[in-house]
Amino acid sequence: MATEPADVLIVGAGASGGVVARRLAEAGFRVVCLEQGDWHDKAEYRGPELDWELTMRKQWSTSPNVRGLAQDYPIDETDAEISPLMYSAVGGSMLIFAGAWPRMLPSDFRVRSLDGIADDWPLDYQELRPYYERTDREFGVSGMGGDPAYPAGGEDPPLPPLPIGAGGLKVARAHARLGWHWWPEPNSILSVPYDGRRPCVQRGTCQQGCNEGAKASTDLTHWPKAIAAGARLVTGARVRRLETDKAGLVTGATWLDREGLEHFEPARVVVLAANAIGTPRLLLLSASPAHRDGLANSSGLVGRRLMMHPFANVGGLFDEDLESWQGQFGCSIESFQFYETDERRGFLRGAKWGLAPTFGPINAALPSRAGTQVWGPDHHLHVRSHLGRGANWGLFGEDLPDPANQVALSSTLTDTSGIPAPEIHYKVSDNSRRLLDFHIEMASQSLKEAGAHTVEVDRLMRYSGWHLLGTARMGDDPTTSVLDRWNRAHDVPNLYVVDGSCFVTSAGVNPTSSIVSLALRAADHLVQTRANQQVPA
Amino acid sequence: MSDVLDRFDAAPRATLTALAAHLIPAAHGMPSAGDVIDDRRLRFVLEARPDLLEPLRTALGTGLPEDPAARLAVLERDEPDAHAALLLVVVGAYYTDKVVRERLRYPGQEAKVLQSWKYPVYLEEGLLDGVQARGAIWRDPTTGRTAMEARPAPAAPAERRA
């Protein structure tokens with residue numbers, strides 16, 4: 001049991017928690033982190049093993065409801081059209097993320113001003129750019145500078161791009177003929193040795209953990225440095241609620257260990273980094289007579305405006321063997337050809353495309369995400385036509401904020417500690433459906449131009465809630481936002497939220513690069529304003 | 001230590017063989033799953049995925065049609081979890097077999113050495129030249145229009161190699 005309060009208590013040891021812990025510990029803060037999951041060893045990941053495609057569907061599923069591990073909490077998603085995906089561990093969901101590392105674009109920060117919908121952010125691209133560059137270096141990003149989808153200038157990615165593979169080359173040639181944008185995808189996956197880590201071996205199993213340590217995750221990139229600088233990381237620690245004093249300041253967290261014993265960790269400042277489901281869950285669990293609707297919730301927006309990026313997969317099948325089971329499961333190439341708003345298309349905003357590998361024979365043999373299944377003698381032809389001969393465009397459509405899409409507390413479902421589970425209410429908007437329809441049509445055209453003889457479409461994948469955003473948005477007005485422009489709760493001056501909850505709008509890109517850059521910016525602010533930080537008496 | 005296959009006697013084992021052969025028969029130079037899925041392969045799948053054991057037992061149980069096609073149709077309609085488990089067991093056992101993988105020319109997820117020093121073919125072919133020549137495509141928030149930005153001309157391959 002701690003007696004001396006930590007300078008900063010972080011809840012969650014994933015992407016944003018790791019970045020903040022390292023920055024603050026290296027600046028001399030006494031940092032404690034509570035993480036409900038555990039450390040994983042690279043040798044545990046199943047990518048090189050024969051059972052890889054079997055265990056990816058259960059023990060290494062991206063869905064906590066499918067895995068059902070003790071360190072997971074269940075999610076009531078009965079009223080959700082997309083299932084939220086995450087992983088509880090040191091390194092968090094980075095252990096199972098793909099590694100794609102695009103930045104948001106300038107227009108993403110000004111959606112209200114440009115398109116008359118949603119909201120503007122309280123900062124812009126240029127303000128965030130130095131943090132993008134710093135986190136690129138911290139995580140080790142491979143890519144190529146000069147992409148005209150982004151403003152010119154600034155630092156290029158620190159490492160050369162990863163290969164684009166035979167499928168990527170086919171599609172790149174097609175885009176050259178079509179006059180469409182494409183670019184080698186930036187990935188937080190090493191193309192060369194870097195910072196004591198080994199480079200990618202193109203195994204294509206990134207989403208079930210990287211055996212090489214080539215894919216960045218904070219258990220490799222940040223926590224060892226944070227701990228060396230004095231941070232204390234407690235695993236198997238499930239936070240039940242945050243406590244507050246009469247002045248309305250947060251005083252620490254009550255948590256349960258693996259045996260169910262309750263502890264209290266006192267702190268001067270608390271930073272939530274538990275993702276956009278876990279963070280609002282914890283704020284709502286921290287309701288008290290002084291905060292009847294949950295902590296930091298005078299705006300009523302805690303848990304609301306959940307965004308998860310409706311996702312479509314458009315797969316092309318080719319005559320040639322592309323060995324498409326190999327390659328980084330970040331992406332090989334990307335396209336921003338149709339990213340910016342064009343109202344003539346019948347919807348607002350757009351989507352980024354990323355081209356991904358296609359898994360192994362079990363995936364080729366089972367009923368496809370597009371619903372195709374072939375049994376009997378022709379099964380063999382079906383498998384031969386799919387295995388290694390595909391290229392998949394993944395389409396991330398911008399998800400506009402809607403207060404009705406929300407995280408609430410379940411009145412019936414609990415985790416293994418008896419703590420109420422989150423309950424998700426989420427519907428895909430008409431704008432998102434029209435957006436995906438258009439992009440599916442364009443991505444199909446891309447693949448046909450590349451020579452695909454067949455295009456298979458999964459129009460709206462249920463298990464695609466990788467990107468959890470928006471449930472404690474930033475803003476300058478305390479009546480319409482939960483956090484200020486520095487990720488600090490308007491209502492609680494010593495409480496910060498640094499995960500994807502802070503997003504004002506979702507953009508149409510993979511968000512981890514932006515999440516960690518915003519977290520680093522918030523940590524810098526904590527360091528710079530340390531002398532003026534209000535703390536409990 | 002108990003063997004996971006102790007939960008299967010001869011009858012469900014024969015049913016599995018018939019269903020596997022129906023789903024994946026010998027054809028196009030590939031063997032039948034009914035022949036490939038022996039005790040070793042079945043044990044491998046169920047040890048990797050012990051959660052499949054009970055739904056598989058349901059799929060192979062009595063009270064369902066003996067005819068494989070009819071049984072699969074009933075399972076798909078009435079017992080979708082058992083049906084999905086059966087498919088995964090059959091496919092998982094078949095495609096982890098050495099001979100099957102060799103015939104597919106699928107070596108597994110291999111570790112390859114990245115040749116980062118090699119000049120990418122897409123640069124050699126100038127596939128990014130047009131992208132760069134068309135210029136900025138991002139929307140400038142200050143004007144609402146596509147940004148007007150001077151970009152350096154694409155470098156020739158020889159310059160890039162330098």
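Me: Which strands does helix H12 of chain A lie across?

Reply: Helix H12 (residues 430-449) of chain A lies across strand S9 (311-317), S11, S12 and S15 of chain A, and runs at about 155° to S12(A). Helices (H or I, at least four residues) and strands (E, at least two) are DSSP runs numbered from the N terminus. Axes are lines fitted to C-alpha atoms, for helices over the stretch in contact, with angles from 0 to 180 degrees between N-to-C directions.

Me: What kind of model is this?

Reply: This is a predicted model, in which local features need pLDDT of at least 70 and side-chain atom pairs count only at pLDDT 80 or more, while totals for chains, interfaces and linings use all residues. Residues are numbered from 1 along each chain as its sequence is written, and chains are lettered from A and ligands numbered from 1 in the order in which they are written.

Me: What is the strand order in the sheet with 6 strands?

Reply: The order is S4-S10-S11-S12-S9-S15 in chain A, an open sheet with antiparallel pairing. Two strands pair if DSSP finds at least two bridges between them. Strand S4 (183-184) and strand S15 (454-458) of chain A are at the edges with a single partner strand each, so one side of each has no neighbour in the sheet.

Me: How many bridges join S10 to S11 in chain A?

Reply: 2 bridges join strand S10 (residues 333-335) to strand S11 (residues 351-356) of chain A. A:Glu334 has A:Gly354 in S11(A) as its bridge partner.

Me: And the sheet of 3 strands, what order does that have?

Reply: That open sheet of chain A has the order S3-S14-S13 and mixed pairing. Strand S3 (76-80) and strand S13 (406-414) of chain A are the edge strands. On average, neighbouring strands of this sheet are turned by 30° against each other, direction ignored.

Me: Which helix packs on that sheet?

Reply: Helix H9 (residues 275-285) of chain A does, touching S13 and S14 of chain A, with its direction at about 70° to that of S13(A).

Me: Switching to chain B. How many of its residues are in contact with chain A?

Reply: 41 residues of chain B are in contact with 58 residues of chain A. Two residues are in contact if their C-beta atoms, placed from the backbone, lie within 7 Å.

Me: Which helix of chain B gives the most to that side?

Reply: H6(B) gives the most, with 4 residues.
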